[in-house]
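Notebook open, structure on screen.

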Amino acid sequence: MLPGVAGTAASAAPAPEPRPKPDALWADEAAPDDLVRQRWGVIAPAGGDGDRLLDAIAPLVEHRRRQQGPVRVYRVPAQMTVDESVRWKKRVYRTGADLDGDLPRYQLILGDLDQVPLAVQQVQASDGFVGRIAFDDLDGYRAYAAKVVRWEDRPAPVTEAHAILHAVRDGTSATRLGVQALIAPGAELLRARRIAGDVRYGELRVTGSERPAPDELWAAAAIDRPGVLLSLGHGAGVPRSGGASRQRREQGALSFGGAGLLTGADLAGRGFLPGGVWLAVACFAAGTPDTSAYRHWLDALRRAGHVGSEAGHVLDTLAHDRPFVAALPRAALADPDGPLAFVGHIDLAWAYSFFDLDDRPRRRPARIAGVIQALLNGHRAGVAVRRLMHWFAEVNTELTALDDARARTGGAPDDPERVRRGHLWMLRQDLAGYVLLGDPAIRLPILGGRDAASALRAGGETRSDGGHASPAACAEAAVLAVLRGDPVADAARRHGLDRAELDRLVAIYRAAGRVALEAAIPERGP
């Protein structure tokens, strides 16, 4: 992770290439977590590779079909630019010839970045809930699909998940800033919002010593229930030897300074963060793109003498033979006892996403803490990660206003807003660098989720062990979820009920309500 660039550098460098802007969302009048209304589909590579990947995740596709009905599958070529991806979306995915009710807003991409381009994910994520899975072999896809189905088919083990905020305090300026501007204030935000009833969690751990080591992260994630892990540190760049194969094994691995790296090989099969979601703030943590959004910036800044040694070294390590998803999330997601989703950067990671420099330096921990809050409250991963796109849209609007003002003045070289514009471009690209790996429809396997929290705020009974909703309150929340349109199986799993029992409770609820209405509304005469 990098702290940011100096004001003179921000004003001197050219702006990165633009990213897709958010479109108007669809089906916003319906609950975004509702698969029946929002739909779920798959985007796979064209040809035989796509056929094999679809066959490998067939149990997950069938699982989603049982939840929502027919599942749409789209096929795309391996090479597409952002412009070509936008055209594909208009011509194939969202043509405008019909309303959007049947389009899958939840989209699971299958394959690595050289099988389904990153541009497709960026374009689709501008208004959808998009995730990707990529593994070294078909067994990884089969294991991940089976893991998701297994967690969703069994009753949720607990009412609340844990939250873990871990910083690799390696003494660098970037991690010091990360602790001061994200980890510490983020923990305070979560504690305050818990008191206010806006977020639910069992335990909040803030970990990481001044002598960082991988064992600290292992210990932090050793929890007795699913949880959300936020890790902050540096991701490894290109190894100095070993060629492309070693690069794909190690780039994006978490660095612990003198204690070495935490690689995908270290995680494989070790049961790290079972049933949880991992959010990693580190360079290349999710993967390496075909071309870094910052390469021409860093090239120009280095020629002008603005880039420090740390960023200059990073620039030297951007070379690679093809884009790829990092080995660390591959291993974590392929592990049957690993997390259900991973969120991280595909590119360099900066502090801009939680620390503003455009006006005056200020901390913005809510951008990341909001994602954690949504996950802890039982929202699906795609919905939670989309909160970053809302911030992305906000900075887009601000940049557009500045560009319009600059155009009216003829783009004067002494433009007083040039430094602000440069920092806003960096913020925009940093937010755009976050991607979701895993099925965007997964949610933490917790009982009740946000429905139980709503029942508590509405006055539901509590137990003496910490305020959990009573069985009656949870049952009512499950029934109301079904009446709102949630699939019965989905609502039953979230609330720890048998599907047949929930069907019975829904029938009782409807019958009792009908009797109450008949008593309250006299029959009219002829």
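I started at G235, which stands opposite L254 in strand 9. Strand 8 and strand 9 (residues 254-255) pair in the antiparallel sense over two bridges; pairing here takes at least two DSSP bridges between the strands. Helices (H or I, at least four residues) and strands (E, at least two) are DSSP runs, numbered from the N terminus.

Note on the source: this is a predicted model, where local features need pLDDT of at least 70 and side-chain atom pairs count only at pLDDT 80 or more, while totals for chains, interfaces and linings use all residues. Residues are numbered from 1 along each chain as its sequence is written, and side-chain values use heavy atoms, with hydrogens and water left out.

Back to the sheet: I found three strands in an open, antiparallel arrangement, ordered 8-9-10. Strand 8 (234-235) and strand 10 (261-262) are at the edges with a single partner strand each, so one side of each has no neighbour in the sheet.

Next I checked N377, in the loop between helix 15 (366-376) and helix 16 (381-408). N377 is buried, at 10% relative accessible area (buried is under 20%, exposed over 50%, partly exposed in between; 1.4 Å probe, protein chains only). Its side chain reaches the backbone nitrogen of R200 at 3.1 Å.

Last, the largest nonpolar core: I got 122 residues, with W40 and W278 having the most contacts inside it. Such a core is a set of buried Ala, Val, Leu, Ile, Met, Phe, Trp, Tyr and Cys residues joined through side-chain atoms within 4.5 Å. Helix 16 gives this core its largest share, 10 residues.

Note on methods:
Polar contact = N/O pair within 3.5 Å; in protein donor to acceptor, adjacent residues only side chain to side chain.
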